Amino acid sequence: MWFFVLKRAASTLPVMLVVALVVFLMLRFTPGDPAVIIAGDQATSEQIARIRATLGLDLPLHEQFFTWMGQLLRGDLGVSIFTNLPVTTLIGQRLEPTLVLTATTILFSVLVAVPLGVLAAWKAGGWIDRFVMVFSVVGFSFPVFVLGYLLIYKFSLDLKWLPTQGYRSPFVDFQGFLRTITLPTITLGAIYIALVTRITRASVLEVLGEDYIRTARAKGQNERKVLFRHALKNAAVPIATVIGIGIALLIGGAVVTETVFNIPGLGRLVVDAILRRDYPVIQGLILVFSFTYILINMLIDIAYTVLDPRIRY
Amino acid sequence: MNTTSAASPVLSVENLTVRLPAGGDRANAVTGLSLTVSPGEIVCVVGESGSGKSVTAHSVMGLLPKGQLTASEGRILLQGEDVLAASPARLRDLRGTRMAMIFQEPMTALNPVLTVGDQIDEVLRIHTPMDAAARRERVLGIMGAVRLPDPERMIDAYPHQLSGGQRQRIMIAQALVLDPALLIADEPTTALDVTTQAQILKLIAEMQARQNTGVLFITHDFGVVAEIADRVVVMQHGRVVEQGDRETVLRAPREAYTKMLIASVPGITPPERKPILGAVALETKNLSKTYGGGGVFSGKTRIVKAAVDVDLTVRRGETLGVVGESGSGKSTVARCIARLIEPSGGEIRIRGVDVAKMPERELRKHRRHVQIVFQDPYRSLNPRRTVGQSIMEGPMNFGTSKADALARARDLMGLVGLQPDSLDRYPHQFSGGQRQRICIARALAMEPEVLIADEAVSALDVSVQAQVLKLLDDVRRRFDLAVLFITHDLRVAAQICDRIMVMQNGSVVEEGATRAVFAAPKHPYTKALFEAAPGRDFGSQLTGDAAPDLG
């Protein structure tokens, strides 16, 4: 088992290298020179050249790449052109809200979606099933920002139950955290609940037709255990896959949700960095997001082997 | 096995009727069925597919699919208690404690993500207040009783780590751990190899004798009936055709249907056959196939030798049987010859040309000479294409005009005993036997010289099997085909093969004229295979009879 984890972790290294290379080249080949943008409209060509030299942009491409890789290996993502703060610091400051929002969203969605999907599969064709299906289609088709504003309108402006925006750290003010995180979580979770419910339903429905379900019933097992002990565990691999893909989707969704609810997370940082053409920050963020994605993929692969003893790499 | 009659029955089914959903091909799955099982008695319910035997078994367990099948009339008394009237909770209490069931497919009947020990233990957790240590003791005990090797180690194994026979033993352990009064076995040995089948049948008989368990044994196989039954119930179209003790039903059946079924069972003694001296159509030399041993990254070092130095020849007009259990490499050989998989070494000569290593481009024109009929007629025809399209596709790929291909397809449909007009129908509109006929027509459309039948009759009911065997024999004669007949069934091999070749672990262990090998098997494995064949005495009753004429 541990050998597998090590092997799997080692196999992500080449992927990460390729990602770093692509990010590097993408920005280098994008039209526009960061030095020109930094120097501003009135700059002379000497000023621009000086800035280019400070940023190391006058060096040959491969030297730039190796310098940058050297920095990366030391955990240095460079310095923001706009704020002059190290990118690692910027990301570090914004990491908590995004991580917390992602975690609450996943937790909330899985807790709602999996039982809902199992129930729908169990009563396939019945009214619960139809209701769940309609609900998940609606969840799919609502854009995140529309749902966000609708929820704010109802629960914050109309009923005045919850604040319209902001973020409190759960480590500082737990009640405030709950009040601020609820609407973003629901907003971000809607599409996710829809996705996970559908896949849970489909996957459990398929498993319920299997012979070992009949065996479990023949033993005298009750329906709840048949569903959750026998069916769900067998249906878990596709569900875990979708949850993993969903985490990647969440990152995209977080950008919009954090903007709507004014949460100072990575999503907001992305938007700000892009608006300001802050290349080191964009570069750093893309890397962080890619690495997260690779990491999640690895965790899912490891989860497969726990969920299904037949899967061995 | 003892025939008790004095004791009150464990199971008494009275006038059971199970309704089918509206729009089926008949109103009831089971009509007016009555039978009893006494303690210590094995009652075999035998019938072909669709006869209602499994529905009967599932009705007793209360496991009929909800909303589709409902027992509308009659009573099912388990030790006097009507299970049809029992509440769902009461029914759950009875399952596992007073009645238990084992199923056909040990591969799929066990939950793949739970350990086998856990699955046996589950029965104890549901029905007893025993603590963990006592339960473990009991699980180990029953695993020992069903003769599983090293229960201490196996208790933590997952189903996929066990062989088919071991899994079926786990199923039996799970069913019998609480000593139920009634055991229902639904085709429990059908998916197993013949030697494993013999062991499992012996085990069931042994286990039921231990606690005087009543057994309702569902099967389609008269060999198994002859081996294990005390009494026999013959079913057709949801009704009981005939019931009585084993000797009476098997030796002196009253009803025409029973007689037909029994006559369809191929005898295990091969008829006299003249040696075939036609030209050699297919020849292999040192044919080998090795799996595994992949690259450095796969980390797999396990090498499986699926076929090792297989030499065979098949002459035109001859049927060579390849006999063996699962994993013996017989299908691998067939697939290599058809070049569906790449052989690792050796020669495959078809009409004298070695195709073993031929690149795909050149191979194409040779492909038509070798055609295959597969085991499962439900999956080997494309459900989205009409049977006509399926039959005509091959010849048209080789340049036959559509009109010619259609004419040939119509001829072939007639030849295999189907309506030429039904070419524009889809596979699901045909029965299993009809589909297998279509598969044969599809193969013949290519005008092959070598026809490979890979377990081509194994999925069919006996009466249909006899017809398809006869058809295969007909087309062999008519087209002077070299037939490579892959089978695990010795009875079938006895009836159709001129020569047979016995395979074990990828190697040929014995080869010779069918009659000679059956009369005096030399290799220990061949002997073991023959000894394991169920109901050999019963089968021998058929010797001397010509193959049943049912076509």
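I begin with a nonpolar patch on the surface of chain A, formed by V134(A), V138(A), F142(A), F145(A), V146(A), Y149(A), L150(A) and V256(A), with about 680 Å² of accessible area together. Helix 6 (127-141) and helix 7 (144-158) of chain A are the elements that give two or more residues to this patch. Helix 7 of chain A provides the largest share, four residues. As to terms, patches are built from residues with over 30% relative accessible area and no salt bridge, like charges being joined within 9 Å and nonpolar side chains (Val, Leu, Ile, Met, Phe, Trp, Tyr) within 5 Å. Accessible areas come from the Shrake-Rupley method with a 1.4 Å probe, and for residues only the protein chains shown count as cover. Helices (H or I, at least four residues) and strands (E, at least two) are DSSP runs, numbered from the N terminus.

The model is predicted: local features need pLDDT of at least 70, side-chain atom pairs count only at pLDDT 80 or more, and totals for chains, interfaces and linings use all residues. Residues are numbered from 1 along each chain as its sequence is written, chains are lettered from A and ligands numbered from 1 in the order in which they are written, and side-chain values use heavy atoms, with hydrogens and water left out.

F142(A) counts as partly exposed because its relative accessibility is 33%; buried means under 20% relative accessible area, exposed over 50%, and partly exposed in between (1.4 Å probe, protein chains only).

Elsewhere in chain A, helix 9 (residues 211-218) has as its buried residues Y212(A), I213(A), T215(A), A216(A) and A218(A). Just after helix 9 of chain A, G220(A) adopts a positive phi of about 95°.

I turn now to the interface. Here 27 residues of chain B are in contact (heavy atoms within 4.5 Å) with 18 residues of chain A. The two chains bury about 2200 Å² between them, 55% of it on carbon and sulfur atoms; buried area is the accessible area (1.4 Å probe) that two parts lose on being put together, summed over both.

How many salt bridges does the rule find across the interface of chain B and chain A? It finds three, a salt bridge being a side-chain nitrogen of Lys or Arg within 4 Å of a carboxyl oxygen of Asp or Glu. D118(B) forms a salt bridge with R229(A), with the closest N and O atoms 3.0 Å apart. A network of salt bridges links K219(A), R229(A), D118(B), D121(B), E122(B), R125(B) and R135(B).

The interface of chain B and chain A also has 15 residue pairs in polar contact, both residues at pLDDT 80 or more. On the side of chain B that touches chain A, the elements giving two or more residues are helix 1 (53-61), helix 3 (116-127) and helix 6 (164-176) of chain B. Helix 3 of chain B gives the largest share of that side, seven residues. A polar contact is a pair of N or O atoms within 3.5 Å; within protein, one must be able to donate a hydrogen and the other to accept it, and residues adjacent in sequence count only if both atoms are side-chain atoms.

Over all chains, a search of the whole structure finds 39 salt bridges. In chain B, R251(B) and E247(B) form one at 3.4 Å, N to O. These two residues are separated by about one helical turn, because they are four residues apart in helix 9 (residues 246-251) of chain B. R251(B) is partly exposed at 40% relative accessibility, and E247(B) is partly exposed with a relative accessible area of 40%.

R477(B) and D473(B) meet in a salt bridge at 3.1 Å, N to O. They lie four residues apart in helix 16 of chain B, so about one helical turn separates them. R477(B) is exposed at 53%, whereas D473(B) is buried at 14%.

Finally, E455(B) lies in the loop between strand 17 (450-454) and helix 16 (462-479) of chain B. Is E455(B) buried or exposed? E455(B) counts as buried because its relative accessibility is 8%. Leaving aside neighbours within four places in sequence, E455(B) is in contact with K330(B), Q375(B), I486(B), T487(B) and H488(B). The side chain of E455(B) also makes a polar contact with that of S458(B), at 2.4 Å.
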